[in-house]
Amino acid sequence: MSDVTITPSEAVRQVRTSANAVLGIVAVIQFMVVLDASVVNVALPSIQRDVGFSEQSLSWVLNAYTLLFGGFLLLGGRAADRLGRRRLFMAGIALFTGASLTCGLAQSEATLLIARGAQGLGGALVSPAALSIILTTFAEGSERNRALAIWGAIAGAGGAVGLLLGGAIVEALSWRWVFFVNVPIGAAVLLLAPRILSESRAEGVRSGYDLEGATAITLGTMALVFTLIKANEWGWGSARTLAGLAVAAVLLVGFVWIEHRHENPLVPLRIFTNRSLAASDVTMLLLAAALFGLFYFCTLYLQQVLGYSALKTGVAYLPFSFAIISISGVASRVADRIGPKPVLVGGLLVAAVGFALFTRLQAHGDYAGTVLPAMLVMGVGLGMSFVPITIAATSGVAAEDSGLASGLLNTTQQVGGSLGLAVLSAVSTSRITSSLEGGSTQAAALTHGFTGAFILSAILCGAAAVLALVVLPGRRRELEDVDAETVAMSSARCPGAPYCGHLVRVAAWGHRMRVAAARARP
């Protein structure tokens, strides 16, 4: 019996092949999750017609996902470190895949919304586990930066093509296939994961989970969003509205109390003593509150007022995508030179102008004259905003808290977006109802409602700019602080957000390469 000799070069090649397989499987599943988050937007009108959602309740198709995703994201990251990263990764895939199948088969509002919530919970398990698997598979340095860049770029591609691919799927098949397409991908990954991924856990971590905190913040936010959406129907001063607001307040105050007393809190309150992080998170809350309505109302306008098909709607967003990608690269370089604050404030002001341009929409308007200019201005503003707000949110954060800082930014984005969409939907629905009662045509009433939402979005975006200008510290960041940002830029734009956030991943690749080159210089 002969011995088999493996040379050092062959061993390195085998390890590299194994690591690349890990990166491949993690990147594929992240692409699927991000893709699902963006394709749903163009399918909304078809879902509304087929399932029977009202204008008022349609926003729950998005909010059911984002609330569960944002509420359990931090808990998912902690559970992955303690229970096992591969175990949580596979559990999240199984839940996400099963929920996708249920979404595609749904015949009622309740079934679809419950399944969308399950998708969000699955995504909250998958995304942090996927990032942890990459960080533990690749050694710190060029190999890890390369892996993060590839992972981020693939996820960014999912966001970039999501609207276009979603439109094609809806056009060629039906909105149900937007969800069905996840099933074979998820099933294949579940079969391959045990063979490719090894199990790992964080060493020396304390036991205990803040399930109470995650539940309190999720239920509190859901109660608030539900009450805001139903307030027009119930009456803002009615007993049911006041009771709903009271329940939400008790749960949210309870969350703060739990975090203050818990041995291992989901969100250690001490981290908010970092002024840059706290200001960035509140700024993101306001920006997301304004932004989540952009795709929601613009998609409804294009399809319900201008009569666009789902595929044509996806194509209509392409200039917006290109604007974000190109401007994000420029914003990254400028932020390195002058600091993130001026770039962020300028971007938020430009985005506010973009929202103001959307208020010019008309019932008999056209894409080239009204929608396209607003999209391009919005693309410039958002491209200037996402990179510096992520930099600011991780400035001065200790290395051991970098994951928490990026997770907080993303959770803030989900919660702020859900609350904002609820308020914007309430404003839009009220104006639509008032216009219809006044004798306006359906197209005119819808346009009146959508423009009202964009007015409020412009105000929120302007308020975010003022907050960043007044509260955000203006200090520049040193080069050695970039490691925390590398992790943050790979995780902060997690799924559930408007897809434009994912496009920043593409520009982030160039940023990491510049940082690596700067470190290599003597």
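This is a predicted model: local features need pLDDT of at least 70, side-chain atom pairs count only at pLDDT 80 or more; totals for chains, interfaces and linings use all residues.
Let me start with Phe-358, which is buried, because its relative accessible area is 1%, where buried means under 20% relative accessible area, exposed means over 50%, and partly exposed is in between, using a 1.4 Å probe and protein chains only. Phe-358 lies in helix H13, and helices here are DSSP runs of H or I with at least four residues, numbered from the N terminus. Its C-alpha atom is 9.6 Å from that of Ala-453, although Phe-358 and Ala-453 are 95 residues apart along the chain.

Residues are numbered from 1 along each chain as its sequence is written, and side-chain values use heavy atoms, with hydrogens and water left out.

Which aromatic cluster does Phe-358 belong to? One cluster is formed by Tyr-296, Phe-297, Phe-358, Phe-450 and Phe-454, and rings of Phe, Tyr and Trp, the last by its six-membered ring, pair if their centres lie within 6.5 Å, with planes under 30 degrees apart counted as stacked, over 60 as edge-to-face and the rest as tilted. By this rule the count comes to ten aromatic pairs. Among them is the pair of Phe-295 and Tyr-317, which is tilted, with 5.4 Å from centre to centre and 40° between the planes. Phe-295 sits in helix H10 (residues 275-305), whereas Tyr-317 is in the loop between helix H11 (310-316) and helix H12 (318-338), so that the pair links distant parts of the chain, 22 residues apart. Both Phe-295 and Tyr-317 are buried.

Phe-297 and Phe-450 also form a tilted pair, because their ring centres are 5.7 Å apart and their planes stand at 50°. Here too distant parts of the chain are linked, with Phe-297 in helix H10 and Phe-450 in helix H16 (residues 442-471), 153 residues apart. Both Phe-297 and Phe-450 are buried.

Now to the packing of helices. H10 and helix H13 (residues 340-358) pack at an angle of about 30°, with their axes 12 Å apart, where axes are lines fitted to C-alpha atoms, for helices over the stretch in contact, and angles run from 0 to 180 degrees between N-to-C directions. H10 and H13 are therefore roughly parallel to each other, given that angles under 35 degrees count as roughly parallel, over 145 as roughly antiparallel, 65 to 115 as roughly perpendicular and the rest as oblique.

How do the axes of H3 and H4 cross, and at roughly what angle? The axes of helix H3 (residues 85-105) and helix H4 (residues 109-137) come within 7 Å and cross at roughly 155°, which means that H3 is roughly antiparallel to H4. By class, the contact of H3 with H4 has 17 nonpolar, nine polar and two charged residues, with Ala, Val, Leu, Ile, Met, Phe, Trp, Tyr, Cys and Pro counted as nonpolar, Asp, Glu, Lys and Arg as charged, and the others, Gly among them, as polar.

Finally, two single residues. Asp-36, in helix H1 (residues 8-52), counts as buried at 1% relative accessibility, and its C-alpha atom is separated by 8.6 Å from that of Gly-166, 130 residues apart along the chain. Ser-430, in helix H15 (residues 402-437), counts as partly exposed at 37% relative accessibility.

Note on methods:
Helices (H or I, at least four residues) and strands (E, at least two) are DSSP runs, numbered from the N terminus.
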